[in-house]
Structure formats: structure tokens, C-alpha cells
Amino acid sequence: MIPDILRFFSRILVGATFVLSGFVKAVDPVGGAIKFEDYFQAFQLNWLSVLSMPFSIGLAVVEFLIGILLIFNVFPRKTVITAVVFMVFFTILALALAIFNPVSDCGCFGDAIILTNWQTFWKNIIILAFAAILYISRNQLTSPYGLGRQRIFSFLIIVYIGGIALYSLQHLPLIDFRPYAIGKHIPSGMSIPDDAPQPEYKTTFILEKDGQKQEFTEDEYPYDDSTWVFIDSKTEMISKGYQPPILDFVLQHPNEGDITNQLMDTKTPLFIVVSPVIGKIKENIAMKLAELHQSATQQRYEFFIVTSSTLDEAEQFNALHKTNFNFLQGDETNLKTIIRSNPGMLLIIHGTVAGKWHYRDLPTTDEMEQPLSFSLSQQQNTKTRMMLFGHAVLLALLMIFILKSRKTINENQ
């Protein structure tokens with residue numbers, strides 16, 4: 001029989017892991033969809049790409065629900081079985097990723113915690129071991145709550161985490177874990193400290209003597225024996241060293257080339273509209289951006305649209321919408337990382353991200369006169385709305401569990 005303390009610890013550990021994994025996916029469903037697209041492309045399943053977003057939200061909701069139900073001991077037997085099935089599947093997947101490396105990061109914790117594929121595999125092995133303890137002792141697991149209360153509790157959890165996912169999809173991630181979050185200084189994210197660990201490489205030399213080939217490291221190389229004949233060499237990285245959070249942030253001007261540093265040193269407010277695919281900007285949004293461009297010009301602010309589309313496509317966009325935007329080019333993957341909206345707008349002051357807007361939440365021309373003040377106000381309003389939503393859900397949960405009712409155990413769990 002499994003000791004109660006070990007069963008309790010296993011339930012909390014496995015539950016907390018699922019909660020964290022589900023929550024960080026829910027606050028960034030676009031990032032999850034991008035990761036699903038990477039998987040589909042790696043496994044030659046491109047026809048499933050249209051399901052990337054439903055899969056992203058669905059996985060976030062299910063993982064978060066499993067974790068909460070485990071922690072609160074709701075539907076414990078069914079939840080444990082589901083958790084074990086999840087862990088077995090994702091452990092096998094992590095092993096395949098570690099061996100064949102089709103994608104460099106599994107995305108199990110979104111951008112909050114980046115793990116290599118091997119780190120993910122061993123993490124899954126540990127969590128699977130504790131999940132197995134719960135599975136073995138599942139008949140000892142009972143819930144102190146009646147069936148009706150368990151159902152209501154589960155429904156409210158789905159509403160809560162689903163609401164967070166949909167809000168983050170329709171606006172911007174509720175919590176931004178990326179290096180372009182509000183308050184981040186972009187040049188600092190691109191710099192490498194002087195004392196940072198450097199990449200380490202190992203070079204192996206293949207030499208031949210008397211018809212026999214042998215490998216030597218740099219320290220073992222037989223410099224004093226000229227009878228060895230060089231055949232080949234191979235170099236492999238054994239340590240990546242320090243990698244800055246921001247690697248591919250390049251703003252390319254069609255005439256002046258790379259003007260990234262120049263723009264990061266701009267003293268006046270800098271507005272950058274990010275659109276990985278310029279053709280996806282709708283007519284009404286294009287007109288809204290044109291108004292903001294005109295307002296920024298009147299205030300003598302810098303205003304650019306950064307896209308990975310070609311310059312010909314950019315010129316066609318200006319001609320189609322009768323606009324006069326200044327375009328820069330950037331890497332598509334990096335642009336999708338900067339902001340989860342196409343288009344999305346950033347306010348950058350002295351290289352620091354001071355504001356970010358989804359195209360649904362763009363400021364008005366009047367608010368552009370005091371952009372920093374509006375950015376701070378908008379951030380506070382967003383936090384207030386989400387706090388009220390979260391408190392409402394927590395209050396409902398509290399009411400369920402403090403209402404006096406007969407405690408029954410569902411024997412058919």
C-alpha cells in the first residue's frame with residue numbers, strides 16, 4: 001500500500017506540473033499554435049495546420065483542468081488515469097524529439113521555461129514516475145465532494161482557463177514571457193556580457209598510418225610523427241556558451257540597410273507596426289494605421305511597418321490602400337515572437353518597450369499625443385479587468401466549497 005504522504009506529494013507535484021504547463025499555454029495561445037505548426041511541419045502533417053489554434057487552446061484547457069482536479073482531489077480516479085495517459089504519450093513524443101531533434105524546443109512550458117528535448121524527456125520520466133504511484137494507488141483515492149459539486153467545480157475551471165485563453169487570443173498574452181515584453185530594454189537583450197561563457201568546440205582529427213585510421217583530439221595529435229597522414233577532421237559544439245535572449249532582431253531599411261541600432265537610440269517615441277505577412281492586414285485596420293501614421297508624423301514621432309513580406313508586396317499594399325507607410329524588413333519568425341498580433345504595434349522609447357497593442361486595441365489619434373501615458377493607463381485597465389474576472393471565478397469556487405451540504409463520495413468515479 002502506498003503511504004498517504006507519498007500519495008499526497010505525488011498528487012500535488014503532478015497536479016502543479018499540469019497547472020503550470022496549461023496556464024503558460026493559455027496566456028499565449030498564438031505561441032502554442034505556432035509550436036503546433038512546427039510539429040506538423042516536422043512530421044509532414046501540414047494539412048493539420050488549420051487545427052493549430054484549436055489544438056493550442058484545447059491542450060491548455062485540458063492540462064490546466066487535469067492539474068487543478070488533481071490538486072483539489074476532484075474526480076481523482078478518472079483524473080489520474082487521464083494524467084497517466086497524457087504523460088505516457090508526451091514522454092514517448094519527448095524521446096522521439098530528443099533522438100531525431102525535428103524541433104529544438106518542445107514548448108511544454110511555452111516561453112516561460114525553455115527546455116531542451118532531452119531535459120523535457122527526463123522531466124517527463126520523473127513526473128511519470130509520480131503519476132504511476134497515483135495510478136497504482138488509484139483505488140485509495142476518493143473525493144470528499146458530491147458529484148454535483150465536482151461537476152460545477154470542473155465547469156468553472158474550464159470557464160476560467162478558457163476565458164484567459166480567449167482573452168489572450170483576442171488581445172495580447174495576459175502575461176508576456178518573451179524578451180520583448182513591456183519594460184524590456186531591447187539593446188540589453190541583444191548584448192553579450194564580457195565575462196559570459198564562450199562556446200566550446202571539440203575538434204577530432206582522422207589520420208592514417210600503415211593502412212590503419214585513428215582519431216586524435218587536439219591534445220593527442222602526433223605532431224612529432226610525420227608518418228601519420230591527415231585524412232579528415234570534424235568539429236562539434238560541446239557547449240553553446242551564453243546566448244542573449246534576443247538573437248535575430250534586425251530592422252532592414254530598403255536603402256540604408258540595417259538601421260536597428262539607429263532606431264534603438266532614437267530620442268523621440270518610436271512606433272513600430274509588426275506585420276509578418278503584410279497581405280493579412282484588413283482594409284479597416286490599414287485605414288486605422290494610416291490615421292495613426294499621420295498623427296505620429298504631426299507629432300514628429302518615428303513610425304514604421306516591419307514585415308517579412310517583399311518590398312514589392314509592401315509597395316502594392318501602399319498602392320491598394322492609398323497609404324504612404326515607411327516599410328522595414330525583418331525575419332518572419334522573429335516578428336511573430338515580438339508580438340502575437342498581425343498587425344501589432346509597439347511603442348519604443350530609448351530602446352525600451354513602453355507599450356504593445358493588438359490591432360483590436362490600437363490607440364486613437366488623440367491618445368497618440370501622449371503615448372506613454374496612454375500605454376500605462378491601458379496596462380492598468382487590462383490588469384484590473386483580469387483581476388476582477390479571476391476574483392469572480394475564485395469567489396464562485398469558494399462558495400461551492402463552503403456551502404453546507406452533505407459530503408458524499410461518488411463510488412462511480
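A residue is termed buried at under 20% relative accessible area, exposed at over 50%, and partly exposed in between, for a 1.4 Å probe and protein chains only. The model described here is predicted, so that local features need pLDDT of at least 70 and side-chain atom pairs count only at pLDDT 80 or more, while totals for chains, interfaces and linings use all residues. Residues are numbered from 1 along each chain as its sequence is written, and side-chain values use heavy atoms, with hydrogens and water left out.

Helices (H or I, at least four residues) and strands (E, at least two) are DSSP runs, numbered from the N terminus. Strand β7, residues 302–307, is largely enclosed by the rest of the structure, because 5 of its 6 residues are buried. Pairing of two strands requires that DSSP finds at least two bridges between them. Strand β6 (residues 270–275) is joined to β7 in the parallel sense over 6 bridges, and I305 in β7 is the bridge partner of V273. Strand β8 (residues 327–329) also pairs with β7 in the parallel sense, over 3 bridges; here L328 in β8 is the bridge partner of V306. From β7 the chain crosses through helix α10 (residues 311–321) to β8 in a right-handed β-α-β crossover. A crossover is right-handed if, with the strands pointing away from the viewer, the path from the first strand over the helix to the second runs clockwise. A right-handed β-α-β unit is likewise made by β6, helix α9 (residues 283–298) and β7.

Strands β1 (residues 200–209) and β2 (residues 212–217) pair in the antiparallel sense over 6 bridges, and Q212 in β2 is the bridge partner of K209. The two strands form a hairpin with 2 residues between them. In its turn, D210 has a positive phi of about 55° and is exposed, with a relative accessible area of 71%. A positive phi of about 55° is also found at K322, which is not a glycine. K322 lies in the loop between α10 and β8 and is exposed, with a relative accessible area of 77%.

A further backbone feature is the peptide bond from N342 to P343, which is cis, with omega near 5°. P343 belongs to the loop between α11 and β9 (344–349).
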